[in-house]
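Dear colleague,

I am handing over the structure below, and my notes on what was found in it follow directly after.

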Amino acid sequence: MARTRRKSAAQEAPQTLEQAVALLGQYRDLVDMVDDLADERDRAIARIKGEYDLIAAPIGVRAQDMFRQLRAWWAVAGEELTGGKRKSAPLAGVIIGERTTPPSLQLPKGKNVDDIVAVLLAHFGDTYVVTSHKLDKPPIIRALREPVDGLDAEEDRQFLAEIAVLSGLCGLSVSQKEEFFIDRPDKPAAVEVV
């Protein structure tokens, strides 16, 4: 089955400086309009959140007060309601009771996590410690792009070996592209999306 090739529509471009200036003005106006709409959206969201807080805050305080009252009541009435056989019971469309929370690790007060990690690593290896790694990209980019002056022969061999590993064995390389943009003063640059 033959595949048909899709063609994108031809892109019109300004032919004169005057056309480019006019198009830039229209572009600026459209992007400013989008920014104004985003500002208006943010103000509307802030207003709605403020109204929500005014209404919800006292309701939340009242609900917390009821929760504390029901917790005290359950401590006395729970065993009678469940016959001492359960930790919870359905009541008034909800389930009320007590449950065991998932276990969590409590660290001793005043102990530094790094000290605990060091002790665990020394005694048990990585059995109880997770080690994560990520690429340190800026030094790799510098190593791949910049020759290092002033290295002796041994350092030069080590450096070239590192570059061989970075670029050859791992397939790492540095990539940069030219990006079209239109900057607006005091606003972030608009970058062409490819």
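Among the elements that line the largest pocket, α1 gives the most, with 6 residues; helices (H or I, at least four residues) and strands (E, at least two) are DSSP runs, numbered from the N terminus. This is a predicted model, in which local features need pLDDT of at least 70 and side-chain atom pairs count only at pLDDT 80 or more, while totals for chains, interfaces and linings use all residues. Residues are numbered from 1 along each chain as its sequence is written, and side-chain values use heavy atoms, with hydrogens and water left out.

The largest pocket is lined by 15 residues, of which F67, I95, I96, G97 and E98 lie nearest its centre. The elements that give two or more residues to this lining are α1 (17-82), β1 and β2. By type, the lining residues of the largest pocket divide into 10 nonpolar, 2 polar (Gly counts among these) and 3 charged (Asp, Glu, Lys and Arg).

In the loop between β1 (88-91) and β2 (94-97) sits A92, whose phi is near 55°, a positive value in a residue other than glycine. Most residues other than glycine have a negative phi. A92 counts as exposed because its relative accessibility is 80%, where exposed means over 50%, buried under 20% and partly exposed in between (1.4 Å probe, protein chains only).

The whole structure holds 2 aromatic pairs (ring centres within 6.5 Å). F124 and Y128 form one that is edge-to-face (planes over 60 degrees apart), at 5.2 Å centre to centre and 85° between the planes. F124 is partly exposed at 45%, whereas Y128 counts as exposed at 54% relative accessibility.

Best regards

How values were computed. 1 Å grid on protein atoms, 1.4 Å probe; cavity = no way out; pocket = protein on both sides within 12 Å on 5 of 7 lines; lining within 4 Å. Phe/Tyr/Trp six-rings, centres within 6.5 Å; stacked < 30°, edge-to-face > 60°.
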